[in-house]
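Work through the exercises below with the sequence and the coordinates open. Each task is followed by a worked solution.

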Amino acid sequence: MNSDDPHGLITNELEKTCALEPIHLLGTVQSYGFLMVLAVDSGRIVQVSEGVVRHVPQLHDAGALIGQAVADWVMFPDTQGMPDLDTLPETGALVLPWRLRLEHDGPCEPQTAVPAAPSLECLGHRRGRLAILEWLPVQPATDSAPTESRMFADFAVVIARLRRADKLGTFFDECAELVQSFTLFDRVVVYRFLPDGCGEVVAESTSPGGQPRYLGLRFPASDIPMQARQLYLSNKLRVVADVHAPMDRLVPPVLPDGAMLDQSHCMLRGPSEAHLAYLHNMAVQATLTVSIVCDGKLWGLIACHHDTPKTPPHQVREGMRQVCTLLGDITNMRIEALSGMETMMRRLSLDRLINEFHQAAIQRGDLPAVLDAWAPKILQAFGASSLGVRIGALSYASGSARQHGPAQGILDEIEGKLDKATIRPRVLMETDLLASPERALALLPDTAGLLLVQRSKPDLTFACLGRPEHRHEVRWGGKPVKGDSVVSPDGMVRLQPRRSFALWRELVRGHAEPWTQVEIDALQDFLRVLNEVHKAHVNRTLQEKLHWRAHHDHLTGLYNRHAIEEAITRRLEEGDYDCAMMLLDLDHFKNINDTYGHATGDLVLQQLGLRLKSVTREFDLLARLGGDEFLLLLQIPSPSATSSMIFSEQLHQAVTRPFEVGEHRLRLSISVGIAIPPVHGTTISELLRHADLALYQAKSLGRSRSAVFELSMASDHLDSFLLERDLHDAVECNQLALVYQPKVDLSSHKVVGLEALVRWNHPTRGQNGPTVFIPIAERSNQIIGIDRWVMRTVIAEQAQWQNAGRLPLPIAINLSIADILSPNLTDYVLQLLDEYHVAPHALEIELTESSIMRELELTQTVLKGLNDNGIVTSLDDFGTGFSSLSYLRQLPLQCLKIDKSFTQNLLEDPNAEKVTEAIIAMGLALKMTLVAEGIETQSQMNWMLNHGCHIGQGYFFSPPVPMQDVHHVIDRVELQFSA
């Protein structure tokens with residue numbers, strides 16, 4: 001090709017801006033016809049192409065038409081005048097039966113004008129308020145009708161064959177052959193657009209003697225810029241009759257409003273200079289192009305090329321336009337049908353695979369194991385080499401691709417590519433990860449393509465596929481890069497990529513096969529299935545956990561009360577009485593919690609559960625009811641008291657070995673109560689109640705033993721129940737009363753204080769001491785009410801003595817640990833003292849050693865609060881619990897009371913004497929007031945006095961007496977012992 005040929009060159013500036021060039025607004029018209037623009041409202045000519053003078057001989061200046069009425073130059077077949085221009089279509093030109101007037105010396109009447117011979121046909125359409133008329137030459141031939149009929153008959157046969165094509169390749173070949181034979185263009189190619197914008201020739205047909213040149217070749221996306229593709233969508237038939245012919249300009253260049261004419265739907269629209277240079281470099285002199293549109297998108301083109309200028313066949317121009325439009329529509333339908341069939345088969349194959357995976361995952365439930373089993377099939381179906389899944393805590397990666405790290409690390413690297421801020425499902429596609437080192441995945445070094453679907457609500461989940469590098473050869477119609485471009489001195493540059501269109505082979509590396517929409521949809525379905533299976537697994541696991549928690553004790557893992565009661569009830573209702581119910585209680589477990597803390601107590605219970613389970617069988621039922629209470633349903637054929645006791649011995653043996661808990665070595669024992677159905681009951685409630693009575697009996701006999709229920713136990717239990725019921729009314733019915741026992745200074749024999757003791761005057765049982773009803777009150781949560789009644793009564797009686805002019809003596813009252821730990825004890829006491837105007841030193845609070853040890857730290861705080869307000873605190877029954885100098889030093893106590901068991905035995909038991917001496921020594925060392933309880937003889941009093949204990953209390957001085965006798969007793973004691 002001659003490089004000096006100006007048709008092969010465009011300016012450098014034009015080449016840079018050709019992709020943005022408004023090619024529908026160039027203002028040029030192909031010279032083989034001419035164009036008129038009319039104002040719809042006035043019917044006057046506002047613009048015309050300068051080539052009109054070649055077709056209207058008597059017209060010498062195109063500009064002379066501007067402003068004239070179109071009716072002066074055009075004849076209409078309707079004698080009523082010019083048709084309504086608003087009826088012209090806005091898209092697609094309409095063939096109009098209008099003719100030009102040949103003789104014209106000025107405006108003339110239609111009836112005097114001589115119509116032109118039908119050498120020009122008119123195509124009309126409308127753009128807004130403008131009507132555009134295109135006049136194209138017509139050269140009628142006498143033999144055109146037979147030729148046209150034969151061509152249409154041949155076309156009908158081929159169209160029928162095209163409709164039956166079952167493969168796209170075959171269809172495109174026949175389509176190209178048909179168009180070539182019909183249009184008689186030298187070369188016809190079917191050109192499709194690829195996803196990356198490039199084009200590929202998929203079929204080619206030539207005239208006899210011609211050779212295919214472009215079949216299978218690709219062309220860069222810049223060959224047909226975006227604005228040209230938009231025009232192919234709006235105007236599906238495009239003709240360039242002569243590449244070398246100069247273009248006619250529009251007169252005037254702009255419309256009355258100053259805008260350029262929009263020629264998007266014009267047959268005669270002039271090509272751009274870049275387009276003309278492109279065609280010239282291809283050695284093409286004339287073209288005809290039909291658009292292939294699928295689903296509203298430009299799929300490709302049917303391009304007809306001719307080596308010489310060629311106006312489409314004059315005798316069949318309208319037929320060709322209709323035929324090409326029909327062919328384009330059929331092409332569209334077959335592409336949609338055949339492509340849709342291929343897509344449908346591919347989709348059905350992937351859908352079937354995913355559904356089968358779904359069923360397998362639901363049945364098996366173990367998602368990682370199912371993925372391991374199905375990964376090879378999934379990878380093969382998607383043409384992938386790696387699979388990754390991240391859902392919740394699951395991070396899974398597998399495949400044949402090299403992996404330089406664990407699944408967690410691989411998915412972390414991939415997750416780095418995601419937009420975690422989005423809450424909408426998102427698709428990420430990569431096909432060129434190996435095109436540059438910066439884009440490659442470090443832990444999947446062989447992966448060139450990545451398809452990832454993501455969901456970010458409620459948690460980030462995604463599934464991804466990796467594809468290996470696909471090295472392949474791409475055949476280009478000319479090298480798609482400029483290389484060394486030659487620029488002319490005037491700034492013109494040859495279009496180097498399309499200079500010769502000779503075959504250029506490119507070896508493509510670093511890329512993977514592109515992902516299809518079917519694969520994207522299938523992977524999204526796969527992720528949806530994974531989410532459903534994972535959610536179902538999570539829900540199932542949660543339900544199992546909830547069911548387990550609902551039926552098991554969280555500390556020991558044994559059945560809980562609800563579960564074992566259900567199981568026992570079910571067996572009893574079925575008449576299964578071959579069993580024995582054993583209620584177990586850990587002896588002195590409260591002391592473990594009080595001494596070593598609840599954490600140690602929990603560890604003991606866990607070990608106990610394991611030991612009990614070790615001696616039971618799989619068909620026995622073992623449960624922890626709460627606290628240190630366990631229940632065992634033992635399966636025994638024909639159960640009896642003897643067989644039950646024999647087995648219970650195994651339970652005792654299981655706990656004889658010391659419990660190793662941290663640094664502590666504890667020796668413990670259990671008590672067991674046994675009830676046997678149906679003799680002892682046929683319902684769970686009856687058996688539990690009777691087993692509880694048997695357990696109470698075992699404890700009362702010294703603990704560490706078993707007892708089988710007997711009917712006599714029921715009466716004792718009933719008695720306790722009746723007492724508890726009546727105790728609810730004791731305070732309100734004024735059945736409680738206080739008695740007072742004096743505390744005496746052993747040296748001066750003066751009464752220095754009193755201790756208030758509560759009695760219950762039962763209406764039918766008579767008077768009951770505190771050992772009878774106080775344990776019941778503590779167990780039934782009535783103890784705080786009794787304590788508060790005692791406090792109020794003592795302070796009120798102190799106020800009465802004070803008002804009577806008697807010097808008040810300090811009165812000690814015993815409080816339960818429940819009251820000590822209540823949130824308002826100190827405030828309540830101070831409120832009573834203020835209400836009755838009694839000084840705080842007139843009240844003394846006593847606590848037992850065992851109650852203090854249960855909540856040592858909290859008790860210390862409460863006692864300090866009482867001391868800070870002037871109330872003395874004492875430790876009662878010292879020596880019966882875990883006597884310790886260390887905790888005595890921690891507690892804010894002013895008085896230490898020696899338990900009566902030591903006082904009564906110290907003269908007969910040397911060990912008791914030594915312990916008592918030690919207690920006194922501790923009290924004196926801590927500068928505490930010492931009180932000896934239970935003094936009943938002169939010798940006991942003298943021993944206490946001689947060993948440093950100076951206050952005594954007991955029947956030797958006086959039994960407890962009612963309020964009205966207190967002062968009489970004080971006078972008697974002081975008189976009697978001072979004599």
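**Exercise 1.** State which helix Met345 is found in, and which residues make the nonpolar surface patch of about 400 Å².

Solution. Met345 belongs to helix α7, residues 317-364; helices are DSSP runs of H or I with at least four residues, strands runs of E with at least two, numbered from the N terminus. The model is predicted: local features need pLDDT of at least 70, side-chain atom pairs count only at pLDDT 80 or more, and totals for chains, interfaces and linings use all residues. Residues are numbered from 1 along each chain as its sequence is written, and side-chain values use heavy atoms, leaving out hydrogens and water. The patch is made by Met341, Met344, Met345 and Leu348.

**Exercise 2.** Give the strand order of the open five-stranded sheet and identify its edge strands.

Solution. Step 1: the order is β18-β17-β21-β20-β19, with antiparallel pairing (two strands pair if DSSP finds at least two bridges between them). Step 2: β18 (394-399) and β19 (426-430) each pair on one side only, which makes them the edge strands. Step 3: from one strand to the next, the twist averages 10°. Step 4: β19 pairs with β20 (residues 447-455) over five bridges, and Met429 stands opposite Leu451 in β20.

**Exercise 3.** Which strands does helix α8 touch?

Solution. Helix α8 (residues 367-382) touches β17 (386-391), β18 and β21 (461-468), a contact being heavy atoms within 4.5 Å. Its direction makes about 40° with that of β18; axes are lines fitted to C-alpha atoms, for helices over the stretch in contact, and angles run from 0 to 180 degrees between N-to-C directions.

Methods. Patch = residues over 30% accessible without salt bridge, like charges linked within 9 Å, V, L, I, M, F, W, Y side chains within 5 Å. Areas by Shrake-Rupley, 256 points an atom, 1.4 Å probe, with all protein chains shown as cover. Salt bridge = Lys/Arg side-chain N within 4 Å of Asp/Glu carboxyl O.
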